[in-house]
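Visitor: I have just opened this model and would like a guided tour. Could you take me through it step by step?
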Amino acid sequence: MAVLRSTTIRRPLPQRRFVRPVIGWAGVLVVALGWQLLAVALNTSIFPTFITTMQAVGTVLSGPALSQDVLPSVERALAGFAISAVLGVVVGLALGYYRRLGDYCATLVDFLRSLPTPLFVPLAIVLLGLGSQMVVAIVVSAAVWPVLLNAFDAARRVEPLHLDTARALGLRGVALFRRVLFPATLPSIVAGLRIALSTSLAVLIIAEILGASSGLGYFIQDAQQTFEVPETYAGVVILAALGWLFDTLFLAAEHRWLRWDQATAGGNRV
Amino acid sequence: MSEVLLDVAGLGKSLTSTSGDTLLINTDINLSLRTGEFVSIVGPSGGGKTTLLRTLSGLARPDTGTVSHRGATVEGVPPWMSIVFQDYTKTLYPWLTVEKNVRLAIRDVPKAPARQRVEAALAQMGLSGFADRYPWELSGGMQQRVALARAMICEPEVLFMDEPFASVDALTRSKLEDTVLGLWQQAGMAVLLVTHDIGEAVYLSDRVLVLSARPSTIIDTVEIDLPRPRAQATTRTLPRFHELHSTVLAGVEDPQSSEVAAR
């Protein structure tokens, strides 16, 4: 339907919306086909075919693993992402707006964010034990930085007249942050949030492999160690699908939130 | 008789450049603004007109001297004033509709009556029907009228304007000048306008203050005794208009201004 309708409109907009995803899915199809052919040709138990893998995906998603592993992972990733978003925006904007405070904290921030995430896992296990809390804490320790740094940077570069106007209108404190600083920096914040979302998922898997007894990371590792090869591949495919789903939903939300920015940027994205 | 609303005594202001040098911008500024008075400040570009306005409006703190309002020293940004800046593209918030931009100035008023007031203010500016548009969908002149509506809706005692008509075309400019004159006559607030356009200052004002080159101070005051109400076509063709224009121009070009600058 949508594709048919797009042919009647000559603006570049429908192309971007409909034709590009079609080409994108064609690429996925080609890889799936290549996977299938290669697996059939190799005929080995350590490399299941695409069809076998998709059947395993179906089994996993209709079995107990859905509620034991997949959904907890989704919850942890989203919880970690949400905490990172709030923490990153609040701290980032505050450090960016209050210049002196930002100068004091700059070295500390640089120091903390350059620590590799796996380093925190043993520490988090000691502090929080094994389980969801620990995993969420690890996710936050990695996903908070792209949000915080983007918010910080954008708050430092915010148009001075936006701030002068706000102050002339009597805005100060929380009202100034909420009504002017936050919307003015939202385009940068959203860019940081998108990175944080994919980081959340990646770090989630590391944390679950290293220190959890449930979740997608645990599931993949467990399947691998018990030689359930199609299930191992199925876990990876589910993870990839989740990543795609998160990003697609995120872009849809961004499109709604930032209509004004896309329009003022003069691009053809609206 | 009108009373003194704003009194500025011995005001001085320095700014620190990015390279760390301290630059004296305004020095020993003395002026007063009476209720309902229209006063313009003219001076060369780069002379610190904007800095002066920022200090007078409380956006910046004076280094020396005082700004007082009805006898009380001004601290911070006072509620009795509004500002219209030159660059409307940066003072109207692009993420808010026209209506929400204006309503921001009366955000403590409940939503329903506030909306009504905004609609009335927009109608007065000839912007009925544009409430739900975004500022960037409007022409430059219309955007500046939105900024004026936002400045006027909280009924300020003093309206500060920093080159408000410098970014629009000549025709829009003269229309906006008359819009401001109409608002001023109707609302009766005091206006302090900063401009580099001498004709504009003479046409609009009761009094024109001439600022020297940097570090700037007021070197001349010209009373504008042109009859009101004024109109572009008639007022600007009066012989007296040209006399006053020449007087102000002579003040701007006075060697004293460069002498002050050399000190």
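Visitor: Which residues have the most contacts inside the largest nonpolar core?

Guide: Welcome! This is a predicted model, in which local features need pLDDT of at least 70 and side-chain atom pairs count only at pLDDT 80 or more, while totals for chains, interfaces and linings use all residues. Residues are numbered from 1 along each chain as its sequence is written, and chains are lettered from A and ligands numbered from 1 in the order in which they are written. A nonpolar core is a set of buried Ala, Val, Leu, Ile, Met, Phe, Trp, Tyr and Cys residues joined through C-beta atoms within 7 Å. The largest one has 124 residues, and those with the most contacts inside it are A:Val139, B:Ala149, B:Val158 and B:Val248.

Visitor: Which helix gives the largest share of this core?

Guide: Helices here are DSSP runs of H or I with at least four residues, strands are runs of E with at least two, and both are numbered from the N terminus. The largest share of the core, 17 residues, comes from residues 132–156 of chain A, helix α7.

Visitor: How do α7(A) and α9(A) pack, and at what angle?

Guide: Helix α9 of chain A covers residues 173–211, and its axis lies 7 Å from that of α7(A). Axes are lines fitted to C-alpha atoms, for helices over the stretch in contact, and angles run from 0 to 180 degrees between N-to-C directions. The two helices are roughly antiparallel (an angle over 145 degrees), because the angle between them is about 160°.

Visitor: Is A:Leu201 buried or exposed?

Guide: A:Leu201 is found in helix α9 of chain A, and it touches A:Ala77, A:Leu242, A:Gly243 and A:Phe246, not counting residues up to four places away in sequence. Touching, or contact, means that C-beta atoms, placed from the backbone, lie within 7 Å. A residue counts as buried if 20 or more other C-beta atoms lie within 10 Å of its own, exposed if 12 or fewer, and partly exposed in between. With 24 other C-beta atoms within 10 Å, A:Leu201 is buried.

Visitor: Which element gives the largest share of the side of chain A that touches chain B?

Guide: In this meeting of chains, 15 residues of chain A are in contact with 17 residues of chain B. The elements giving two or more residues on the chain A side are α8 (160–168), α9 and α12 (259–264). The largest share, 6 residues, comes from α8(A).

Visitor: Which are the edge strands of the sheet of 6 strands in chain B?

Guide: Two strands pair if DSSP finds at least two bridges between them. This open sheet has mixed pairing and the order β6-β7-β8-β3-β9-β10, with a twist that averages 15° from one strand to the next. Pairing on one side only, the edge strands are β6 (81–84) and β10 (218–223) of chain B.

Visitor: Which residue stands opposite B:Ser82 in β7(B)?

Guide: β6(B) and β7(B), residues 158–162, pair in the parallel sense over 4 bridges. Helix α5 of chain B, residues 140–152, lies across both strands. The residue opposite B:Ser82 in β7(B) is B:Leu159.

Visitor: Which strands stand at the edges of the sheet of 4 strands in chain B?

Guide: This open sheet has antiparallel pairing and the order β2-β1-β4-β5. Two of its strands have a single partner each, so one side of each is left without a neighbour in the sheet. They are β2 (22–34) and β5 (72–73) of chain B.

Key
Contact = placed C-beta atoms within 7 Å. Parallel < 35°, antiparallel > 145°, perpendicular 65-115°, else oblique.
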